[in-house]
Protein chains: 2
Amino acid sequence: MGKYLPSVYESHDLERNYGLPEGWSEKNSGVKRRRKALFESNGYMGARALENALEKASWDLSHIDMLIAAGSTFDYPLPHQSSVIKSELKEGLSHHFPAIDIDSTCLSFISAFEMAAALLDGKQYKRIAIVNAEVGSKGLNSKNWETLTLFGDAAVATLVAYDSEGQSGVCKTMQRTYSEGVNHTIIKGGGNKYFARDYPYDEELFSFQMHGIKLLKMAKRIMPEFMDSFFEDLPLNLTEIDVIIPHQASKTGLQIFKNTFAFKPNQVKENLLEYGNCISASIPLLLLETIEKGELQRGDYCFLTGTSAGFGMGGTLIKY
Amino acid sequence: MGKYLPSVYESHDLERNYGLPEGWSEKNSGVKRRRKALFESNGYMGARALENALEKASWDLSHIDMLIAAGSTFDYPLPHQSSVIKSELKEGLSHHFPAIDIDSTCLSFISAFEMAAALLDGKQYKRIAIVNAEVGSKGLNSKNWETLTLFGDAAVATLVAYDSEGQSGVCKTMQRTYSEGVNHTIIKGGGNKYFARDYPYDEELFSFQMHGIKLLKMAKRIMPEFMDSFFEDLPLNLTEIDVIIPHQASKTGLQIFKNTFAFKPNQVKENLLEYGNCISASIPLLLLETIEKGELQRGDYCFLTGTSAGFGMGGTLIKY
């Protein structure tokens, strides 16, 4: 795995810039600092993250059989983000592996991981790169403190390969979409529905809107039944997993998750305080950090899980 | 398969409305008429197309294990289009199958088909719905006759199922991305790069731009080597395939394709004249029409192929 993180943006600076009471961000959103793209685009960040991963793995672009850009923010409405990332890679023009986008908002990494695992056959697809490059900062409403303080920018690249010995891999993935929550997280302006020609820029319309209380109520209700379904045919249960990587949705969201199940100390990882909610990049960033800290060992079971816009809930159990 | 097609928009009406010489569209773009969304959104069209497919198959939503929205135009920047389509389905709120987006622009159907085929295992995934709902008409530049006359709106739904007897399915899929062409087809405005707050609406910036001549040159150069690679390990070659469904990219694009290879009469299907280029919906719409006309029979080999923004080239060989 590799990453690209733009400049640190401390909550006390953000609070000063937008006239928020000092300490509001950490107290209410659980975010002390986050990263913010200044000159960086999604394509730039994604390309740098992938180059970092390739270097760490001692791979080059000739090893890549497919590039998946997984996420919900983008440089251009067209072409698709993966093709932009590919074009910004050093040597990107000399290789012709396919570039495809997958989007299930905050769960895009889980969706992409499932698709990549299904494609990897050791023949046509030996190695697939997944890049989650998110620049959510532009779409934040300066008057909405809850979202303004919560989100951060980040890019993470994950290289997955066919394991002929079957020692590591995806054990199970499950995703569900609960459409009653489709409008609970939305950016209304900028697509066909509120087309930019007919709807001039308006911060409220073109920014991310989140109905936090409705989302938390839905998550609280759905989470137990989702986990029961996920683990019903598995030989281990949620609290027996070695490492749990939850999406860093929000302070309260994480609290509800941790309170709903009887987790062991240090079983559930977190980095909301340092990076905020990085949309689809949160899960792989936390996974990368956990591996770097030595808290996830080869052979361990790791469960990635979270909620998304849509409203979605998902999880994937991997043997690392 | 099912479809939803909005109102007919005749080229002579379009020419009158925009002050084009009579007959310009058919002569230059090869498009006599196309469909244009009036009140319809991507979500509405996609939901109606899927309902049409389900009715024809005598399936209901309880049969669906995943919904993939494949395409490049969308109602909202967030949430992802598949979750919007799902929410607009009759009974969509009562079912919780996952909704995931896949985007490789005009080749999105091929990408989604490959991913769906890889996921279908007869256990967790028995049936997957792919919906290509494209409303490109809003992003057309009224001053650019080439694109204004070329594109049409359409939605097509395809239901794919695990075939336990292995009598039909995907034989091979290959996609390649040639990044030197990344800027040849682009909508610059509306993403993070030219964010709507910083760049007020401007028709040129927020509309689809196409460098037709550069694209045709690339396609002409790449097509033969792509087809050679595709068929090198297969027991049949391109001209032996029963039915060929090319993306309806443009009149000249289709002409180059047909002139490059020695096709048999009626082997290569077309519907550009009636629908224009419907982005990712072109390939499945033409496939659906070919099946409805009885020109594709069970057991036949069918090759879907085309180019995309990015710049991409792709193909999938299926046994129907």
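The model is predicted: local features need pLDDT of at least 70 and side-chain atom pairs pLDDT 80 or more, while totals for chains, interfaces and linings use all residues. Residues are numbered from 1 along each chain as its sequence is written, with chains lettered from A and ligands numbered from 1 in the order in which they are written.

The axes of helix H3 (residues 42-57) of chain A and helix H4 (residues 81-88) of chain A cross at roughly 60° and come within 8 Å. Axes are lines fitted to C-alpha atoms, for helices over the stretch in contact, with angles from 0 to 180 degrees between N-to-C directions. Helices (H or I, at least four residues) and strands (E, at least two) are DSSP runs numbered from the N terminus. The crossing of H3(A) with H4(A) is right-handed (the near helix is turned clockwise from the far one by less than a right angle).

Which residues of H3(A) and H4(A) meet? On H3(A) they are A:Asn42, A:Gly43, A:Tyr44, A:Gly46, A:Ala47 and A:Leu50, and on H4(A) they are A:Gln81, A:Val84, A:Ile85 and A:Glu88. This contact of H3(A) with H4(A) holds five nonpolar, four polar and one charged residues. Ala, Val, Leu, Ile, Met, Phe, Trp, Tyr, Cys and Pro count as nonpolar, Asp, Glu, Lys and Arg as charged, and the others, Gly among them, as polar.

In chain B, H3 (residues 42-57) and H4 (residues 81-88) pack at about 60°, with axes 8 Å apart. H3(B) is therefore oblique to H4(B), and their crossing is right-handed.

I turn to the domains. Chain A is divided into domain 1 (2-161) and domain 2 (169-184 + 213-319), with bounds from an automatic or database domain assignment. The centres of these two domains, taken over C-alpha atoms, are separated by 19 Å. In chain A, 34 residues of domain 1 are in contact with 31 residues of domain 2 (C-beta atoms, placed from the backbone, within 7 Å). On the side of domain 1 of chain A that touches domain 2, H5(A) gives the most, with seven residues. By class, that side of domain 1 of chain A has 13 nonpolar, 13 polar and eight charged residues.

H5(A) also lies across S8, strand S12 (301-308) and S13 of chain A, running at about 130° to S8(A). These strands belong to an open sheet of four strands in chain A, with the order S8-S13-S12-S11 and mixed pairing (at least two DSSP bridges between two strands). S8 (169-177) and S11 (243-246) of chain A are its edge strands, each pairing on one side only, and the twist averages 10° from one strand to the next. S8(A) pairs with S13(A) (residues 312-319) in the antiparallel sense over eight bridges, and A:Thr177 stands opposite A:Gly312.

Finally, how many residues of chain B are in contact with chain A? There are 59, and they touch 59 residues of chain A. S5(B) gives the most to the side of chain B that touches chain A, with five residues. That side of chain B has 27 nonpolar, 22 polar and 10 charged residues. Strand S5 (residues 99-103) of chain A pairs with S5(B) in the antiparallel sense over three bridges, where A:Asp101 stands opposite B:Asp103.

Terms used: Two residues are in contact if their C-beta atoms, placed from the backbone, lie within 7 Å. Angles under 35 degrees count as roughly parallel, over 145 as roughly antiparallel, 65 to 115 as roughly perpendicular and the rest as oblique.
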